[in-house]
Amino acid sequence: MVLLRQLLGDVLRQLRLRQGRTLREVSAAARVSLGYLSEVERGQKEASSELLSSICKALGVPLSHVLRDVADQLALAELQHEPVMAGAPEHDRIPAESIPETPEEITGELRADMVAA
C-alpha cells in the first residue's frame, strides 16, 4: 500500500534538492523545526495543511504544483500495483508494457483513463 505522506515527503525532498537547499535553510524559511521537516520528508509525519502551505512557500512553489506531483506519483503507484480496470474485459485493459515508469511519461489516453478511473 502506498502511503500518501511518503509520496508527499518524496516530492518535497525532490523539490528541495533540485533547488540545492538544505533542510536547515527550508525549515528556517518555513518556520518549522528541522527535525519535523525531516520527518515530513521521510514520510514519518503527516503535514497539516498550514504546515504544507508554509513549506511550499519556503520552497517557492505553489501548493497546487506539489499536490499535482503527488497525485501523479500516486496514480503511477496505483497503476503499477493494481492495473487500472483489472476486472474489465481484456480489450479494455491497459497492457502492462504501456504502464510508464515515471509520472512524466503519463500522457494522452493513459492520463484520461487514470482520471476516469
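This is a predicted model: local features need pLDDT of at least 70, side-chain atom pairs count only at pLDDT 80 or more; totals for chains, interfaces and linings use all residues.
Of its 117 residues, 35% count as buried, and the chain exposes about 7400 Å², of which carbon and sulfur atoms supply 52%. Among contacts with a separation of 6 or more, 60% are accounted for by residues 24 or more positions apart.

In soluble globular proteins, nonpolar side chains tend to be buried together. In this model the largest nonpolar core has 21 residues, and those with the most contacts inside it are L12, I55, L59 and V66. At least two residues of this core are supplied by each of helix 1 (4-18), helix 2 (23-30), helix 3 (34-41), helix 4 (49-59) and helix 5 (63-81), with helix 4 giving the most, namely 6 residues. When neighbours within four places in sequence are left aside, L12 is in contact with V40, E41, L52, I55, L59 and V66.

Within helix 4, the buried residues are L51, L52, I55, C56, A58 and L59; because these fall within an arc of 160° when seen down the helix axis, they line one face of the helix. An α-helix has 3.6 residues a turn, so residues three or four places apart point the same way. The cover over the buried residues of helix 4 includes helix 1, helix 2, helix 3 and helix 5, whereas the face turned away from the buried side carries the exposed residues S49, E50 and K57. Just after helix 4, G60 adopts a positive phi of about 75°.

Key
Residues are numbered from 1 along each chain as its sequence is written. Side-chain values use heavy atoms; hydrogens and water are left out. A nonpolar core is a set of buried Ala, Val, Leu, Ile, Met, Phe, Trp, Tyr and Cys residues joined through side-chain atoms within 4.5 Å. Buried means under 20% relative accessible area, exposed over 50%, partly exposed in between (1.4 Å probe, protein chains only). Helices (H or I, at least four residues) and strands (E, at least two) are DSSP runs, numbered from the N terminus. Contact means heavy atoms within 4.5 Å. The arc is that of the directions from the helix axis to the C-beta atoms. Accessible areas come from the Shrake-Rupley method with a 1.4 Å probe; for residues, only the protein chains shown count as cover.
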